[in-house]
Amino acid sequence: MRRKLLFYFIMLLTVHAVYSQSCNCDVTLTGLKTTSLNIILASQVNYSPGDTICIPAGNYAGFRFFDFEGTTTAPVTFINCGGKVEITEHQYTGIAFKRSKHIRITGTGDSSLVYGIHIKEVSNGGSVGIGIEDLSSDFEIDHVEIENTGFAGIMAKTDPSCSNPNTWRSNGYVLKNLNIHENFIHDTGAEGIYVGYTGGYKVNSNRSCNGVPIFGHWLEDVDIHNNVIEDTKWDGIQLNLVRQNGKIRNNYIYNSGTEDVFAQNFAMSIGGGVYDVFNNYIETPITGVGQGMQFISAESGTKVYNNVIVRPKFHGIFMHNRHEFDDINTGYFVLNNTIIEPEDSGVFYNTVITITEDLAKKFTTQENVKTYMVNNLVVDPGSDHASGNTWKGDQESYFDFNKRITRDSTLSRIFSNITTRQMDTLGLSDITNNYFSPADQSSDLVDSGSDVSAYGVTFDLNDDLRPFGNGFDVGAYELEYISIPIQDPNDPIILAPNPADTYFIITNEHFKNSAKLTIMEFNTGLIIYDGKYKIGTEFNIDELDSGLYILTLWTRGETYVRQLIVQ
C-alpha cells in the first residue's frame, strides 16, 4: 500500500546513527561556526571538479557558498560526514549557493540516516531552507530534511533585476538540470518547493526597468520527484517557466496550503512551460483547505496522469490557459487520474485568453485546441450543476468548463472516465485508509479504460505496467493479477472446480502418479503448501481463506502453473 510505504519511509527519520561510514572526503570543511553565518568562498577551498566536500556532523548556523563549480561529468558534492549535520539560522537562508554550477547537496553521508542534513529552523520571515540563487545552475538536492522555514523549503531561481541585466531572459541565462529528490520538507512558512520566477510567461513580464519590460529566465530539464512534503502554509510545489522537459513525479504531498492564502494554497501550482506531472499522491485531510493542481498557461503537450488527489478544496485539477496555446492541434492530456471528493469539480478547464499582444484575441476562447481527458476516476464532487438552471448538467460536476463552446468542442475527447457519487460501489481496495486501487477483477475500474499508451502512459502510480489484463484500468492504479488461462482442449492438466469452495482436483489423462505441488497465496507470496499430490484426488482447502492462489505442479519434467480462486 503506497501510503503505508510512505509512512514507513517517514518513520525512518527516527533512526539514530550508530556508526558513520567512510565519506570519501576530498575536502573537509573546518572551523565552522555554530552561531553566525558560515560564508565559504570557492577561492578559499582547495578543490577540483568531481571532489567530495564534507561537512562534519554537528550543529551549525547557516551556510553561504560562492562560485563553486564542477562539470557535467564531475559535479562537486557537498555531503554530511560522521553523522547528522543540523542547521539553525535566525537571519539568513539555511544553505545558499550563489554563482555556482554542477553541484550536488546530499544527506547520504551516513548509511544509518535517511536525511543526513537537517535544516531545523530558518526563522527569518523571508528565508528559505536551501536557496539556489544568483545565476546558479545544474544542481541536485537529495536526502535533506527541511522544516520551520520563514518562507519556502527549497527555492531555485534568480529573479530579474534592474541592477543586473544578466538576470534578464533576453540575455540568455537558463537554469538547467535541476534534480530535487528524496527530501522531507514540512512545516514551511510558504511553499515546500518553489522553482522559477512567477509570472512573465509570454506577454506580461510583471516587471520593468525604466519602462522596458524584463522577463524571468527559462528553465530546462527539471525533475522534482520522490519527495515527501507535508504541512506547508502555501503551495506544496510551485514550478514555473520550464520550457523543456519539466517533470513532477512520485511525490507525496499532504496538507498543503494550510494558511489558505488566495492563489497560494495549491498542492501544485505550475505555469508557463511544458510538463509531465505523474504518479503523485496528494491528500488534504480536511475538506475546504488546500487546493489540488493548478496549471496556468502550461503549454501544448503538458501531460497529467496517474495522480491521486484526495479531498481538494475547489477543483482537483484546475487548468487556465490565459495565454495562447503554442500549438492549437495539441492541448493537455489528463489521463488515468483518481480524484476523490473535490469540493467543486474533478477537472476545470478554462481556455479564455486574458493576456495577449493581439487585442482582437483578448477574451476569446481557444475551444478548438485538442485536449484529452481519458480514463479518469472522479468520485463524489461537491458541485451539483444538475440542480442549477444553467447550460451545465451533472457531467459538468465532474469535468467542468467556463464556456459552453469549449465543453462542446472537447466532448469527443472526454471518454472512458468513471464518474460517480457512490464510492462504495466501485470495488476499491481500502477506502478507509485512502487506498483507491481496484480490490479485484470485479471492480468497475478493471479493463474499463482506453489504450493511452500512445501518450506514454504505460505504467501506473505504483510503476506497474499498463495494461495488465485485457485492457487499461480506469484511475491511477492498474490491478495486478494473473489471468485464468483459457483451458486448451489439448492441455493435459485440468484444475476443477475453479472457483473452488472446499476442494479441488487436478487431473491428467496421461498418468495418475504423484507430483510435487506448491500453493502460494497471491497477495502475500506466502507458501501455503509444499509437498506431494496424487493426480486425480481431492485436495482439501476447507481452511484456506477466500482469495487468489497460485498452484505450481511439477510432473515428468514439466511445470504447470494455474490460478485458483477460493470462494
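I looked up Glu341 and found it partly exposed, because its relative accessibility is 26%; partly exposed lies between buried, under 20% relative accessible area, and exposed, over 50%, with a 1.4 Å probe and protein chains only. The model is predicted, so I took local features at pLDDT of at least 70 and side-chain atom pairs only at pLDDT 80 or more, while totals for chains, interfaces and linings use all residues. Residues are numbered from 1 along each chain as its sequence is written, and side-chain values use heavy atoms, with hydrogens and water left out.

Glu341 is not a glycine, yet I read a positive phi near 50 degrees. I placed Glu341 in the loop between strand E31 (338-340) and strand E32 (347-350); helices (H or I, at least four residues) and strands (E, at least two) are DSSP runs, numbered from the N terminus.

I then checked Asp134, another non-glycine residue, whose phi is positive at about 55 degrees. Asp134 sits in the loop between strand E9 (130-133) and strand E10 (137-142). Asp134 counts as partly exposed because its relative accessibility is 23%.

Next I went through the cis peptide bonds. One joins Ala496 and Pro497, with omega about -10 degrees. Another runs from Asn498 to Pro499, with omega near 10 degrees. I found Pro497 in the loop between strand E40 (493-496) and E41, and Pro499 in the loop between E40 and E41.

Last, I looked at Ile506 in strand E41 (residues 503-508). Ile506 is buried because its relative accessibility is 4%. Leaving out residues up to four places away in sequence, I listed its contacts (heavy atoms within 4.5 Å); among them are Ile493, Leu517, Tyr533 and Leu553.
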